Amino acid sequence: MALTAFEARFFDGKTARPHQVSVELHASRLRISMSGESCSSDWLYKEIVVLQQPIPPQPAMLTSRRNMAMRLYIEPENWFSFKTKLPKTAFPAITLSTRWRSLAGYAGLSVIFVLAAVAAGPRLFERASELIPPSTEIQIGKMALDSSINHPVCAAPQGKAALDKLVLMLKQGITRDIPFNVRVVSADETLNALAAPGGHLIIFSGILKKADSAEEVAGVLAHEMAHLEMNHPMKSLMRNLGVTLTLHMMFGDAGVLSNTAHFAGMIHQLHYSREDELEADKIGYALLEKANIDPSGLTLFFERIQQEETKSTGHSYSNRSDLDEYFSTHPHTEQRINTLKSNATTLKNYRQALDDSEWQALKDICSEQAD
Amino acid sequence: MSTIATDQVFMGRQVTEEAQPDEIRRHLTTHRIAYDGQTGQVYKIWLLNIVMNIFTLGIYSFWGKTRLRQYVAGAFKLNKDRFEYTGTGKELFVGFLKGMLVFFVLYLPFMVASFIAPDAVWPLVFLIPFFYVLPVALYSAWRYRISRIQWRGVRFELDGSVMKYAGIFLWRWLINIISLGILIPYSDIRIYQYIADNAYYGDIAFRFEGRGKNLMAIHLATYSIIIGLFIFVFYGLQLMAASFVTAQMAIGQQDLSFDEALVIFFSNASFFAALTCIIVPFILLPMIRLIYKTALIHEITNHLYAGEIGFKSTITTFALIKLKLGNFLILILTLGLGLPVIMQRNLRFFAQHTQVKGNLETSSIKQTASRKPADAEGLHAVMGLDSGFI
C-alpha cells in the first residue's frame, strides 16, 4: 500500500524523452509509474543514489545503482517526506554534514602543514642557494644590476687603484672564493651601497661625498663585502622565491587575498634582511680588524648619517616606534652603532687605510666616467 | 565574453504554444531559457571555496569549482527540465597534475638549453611548442566541459582533434596579423565553426551555417572608427605632454612650489582637451567594439542548429554595454568581492537573451556511448586561463 504519492520528472538515460511520472512511496521501495502508460518501475531504497539534495528552487536529483544513467527529479516540497526513508548509503559523498566533518579534520591538518611550510620553506630555499654554481651566481648578479642600476660608472684610474687597494686589504678576512667586482657609480644624492650575487658590489658616489676619511669608506666596503662573505644576496633572493612560491600555492586563486599574501611575504622578508644587516655589521667589523683598519670608521659614518637624517627630517630614526623599526629594511642606525661600539675592545695602533693622495684620488674617482 | 554565450549550450523554458498545425508549430515554438540561480547560494559556495583554498593550499579549488558548476548548471532550465554537470573534482585535480607534467616536459628543453647557453638566442626555439599549448588547452577545456553537461539524461559531446583546432587557431592568428586585423570576422567564425561542427547532443550533430562575410561590413565600420580614435588619442597624448612641460617650466621661472605648479597643470585648458582625448576613447573604444561583438554573437547563435532545433540571440549592443559597464563598476567598487554578483549577471544575461526554437518534445534523440573519454582541463588550469571561478 502506498504511503505517499507525488509527481516527479523521470529520464531513462537512453533517450531525451521526458516522462512526467507519479512516484509512490512504499515500505522498502518506490514505484515510478508513467502517466498515460501502464508500465511502471520499482526502485529499492537501498539502490537509490542521491546525486544532489534539493537547493530550492532546484529539485533533488536521484539515480539508481541498477542504471546510473537514469535520472529522477523530485521537487523540494516532496523531498522531506521522502528523505527519511533513504538509507545512509544513498548519500555517497556530498551530504553537507559529513562533508563539514571531514573538512574540519582536513582543515586542521592543513593548518599544521601551512605553518610548517611557512616556517621551513624559506629556510629550505635558503639552503638551496648553496647549490647554485658560482658562474650562475655571477650571471644573476649581473642581471639584477643591469636591470636596476643605470648610473654611469666612475672610472678615474688613480681612484680605481685606491679602491682596489682597499678591497685587497679587506679581502684578507674573506674565506669564500668570491670574484669581487667593486664599482663606484655616479649618484651624489644616494647614500647607499649594495652587494649582488657573484661578487658584484656597487658604491654610490654619495657615500664618497659624505665620508670624511678612507676609514669610513672602508667601513662601508667591509659591511658590503661581509654580506657577500655570508652569501646574503643569494640567500635573500632564494628566500624571497621560497616565500613567494609558498604563498602563491596557498592563495593562488583567491584574488583578493593574494595581495594580503604579498604583504605578509614582504614583512617576512624584511625581518630576515634585518638579521642579515646586523650580521654583516659584525663580520664587516672583523674584516676591518683583520686588515688592521680602524673599525670606528664605520661607526663614525653611521653617526654622521644619523645626524643628517635628524637635520633633514627634523627627527632622528631613534624617535620612531618599534613597529617602524620592525618594518624597515635597515635596523636603526643607533642600534647598529651601539652594536658596533660594543664590539670595539681596545684601542690599537691601526694603519692608515689610504694615504692622503690616494684618498683624494678615490674622492675624485667620478671625474672620469664610463657607461 | 562569448564564452558565456556558448558555454552552457541552449537552455530554456517554453513560453508560447499557440494552437497551430503541428508542422508549423514545430518550427515556430520558441523556448526561453530560465536561470534561477540564487546569488546567496553562489556566495555561499564562493566563500567556502576561498576559505577552503587557504586551508588546503588551493587543492580544494578543483572540488569547489565543480560544486559551483553543478549548482549553476542545475539553475538553468530549458522547457521545465534542468541541466546537469557531471564532472568531478577528482577529474579536475588529476587533469591539473597531468597538465603540470605536460607543461614541465615541454619547458624542460628550454630550461636546459638556456642553462647551457645563457646568452644565446637558439634556446628560444624550444619555446615554440608553447604556441600550441594555448589552443590545445582551450580546446581540451571545451571538450571536457561540454562532455560533462547533460540535459534530460542525455549527454553533450565535443569531438574533434585538439591538434587540428590548434592548427586552425594559430593559422587564423597569423592571418589576423598579416591582414592587420581586417579578416578578424573570418577567423572568429572559422574557429567557432570547428567547435560547432564537432558538437553533439546525444546522437544529434550540431551544424553551423554562419559566414564571416556577414560580419565584414560591421567589422570594417567599427574597425575604422577605432583606428580614427587611436589617432585622436595619439594627438591627445602629445597635447598632454606639451601642457605638462609648460607647467614644469612655470616651476622654474616663477619660483612656484610644486603644489602651485600642479594647480597650473590641472587648470591648463589644453590639459583638459587632452584628458578628453584620453578618456573618451577609452570609454568609447570598448563600446564600439561591442557593436561588433553583438553582431558576432547573433551570427554564431542564429546560425547554429542541432537537428531541426535552431537558436536565437536577442542581445543588443546597448544591453551588452550596460552589462559590461555594470560589471566593471561592481568589480571596482567591491574590490573583487562582487565577483559572484558579476557571474550571476552574466548568466542571467545569457539566459535572458538566448532562445531555442523548434520541437523539444521529440523522443528520437538517443544517448550515445561516449565518443572519446575527454581528459579534464588540466593545461587550461595550469596556464591560469580560468578566471579561477567557473
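## Two chains and the interface between them

In this predicted model, 38 residues of chain A are in contact with 42 residues of chain B, contact meaning heavy atoms within 4.5 Å. The model's local features need pLDDT of at least 70 and side-chain atom pairs count only at pLDDT 80 or more, while totals for chains, interfaces and linings use all residues. Residues are numbered from 1 along each chain as its sequence is written, chains are lettered from A in the order in which they are written, and side-chain values use heavy atoms, with hydrogens and water left out.

Between them, chain A and chain B bury about 3200 Å², of which 61% is on carbon and sulfur atoms; buried area here is the accessible area (1.4 Å probe) that two parts lose on being put together, summed over both. The two chains are also joined by 2 salt bridges, a salt bridge being a side-chain nitrogen of Lys or Arg within 4 Å of a carboxyl oxygen of Asp or Glu. In one salt bridge, the side chains of A:R9 and B:D81 meet at 2.6 Å, N to O.

On the chain A side, strand 1 (4–11), strand 5 (48–52), strand 7 (67–74), helix 2 (96–128), helix 3 (134–148), helix 7 (232–251) and helix 8 (256–290) each supply at least two of the residues that touch chain B. Helices (H or I, at least four residues) and strands (E, at least two) are DSSP runs, numbered from the N terminus. Helix 2 of chain A gives the largest share of this side, 9 residues. Sorted by class, the side has 25 nonpolar, 7 polar and 6 charged residues, where Ala, Val, Leu, Ile, Met, Phe, Trp, Tyr, Cys and Pro count as nonpolar, Asp, Glu, Lys and Arg as charged, and the others, Gly among them, as polar.

Taken as a whole, chain A has 12 helices and 12 strands, and 46% of its 371 residues count as buried, which is to say under 20% relative accessible area (1.4 Å probe, protein chains only). Among contacts in chain A between residues at least 6 apart in sequence, 61% join residues at least 24 apart.

B:I195 lies in helix 8 (residues 184–197) of chain B and counts as buried because its relative accessibility is 9%. Leaving aside residues up to four places away in sequence, B:I195 touches B:Y139, B:W142, B:L158 and B:Y165.

Key. Buried < 20%, exposed > 50% of the residue type's maximum accessible area, 1.4 Å probe, protein only.
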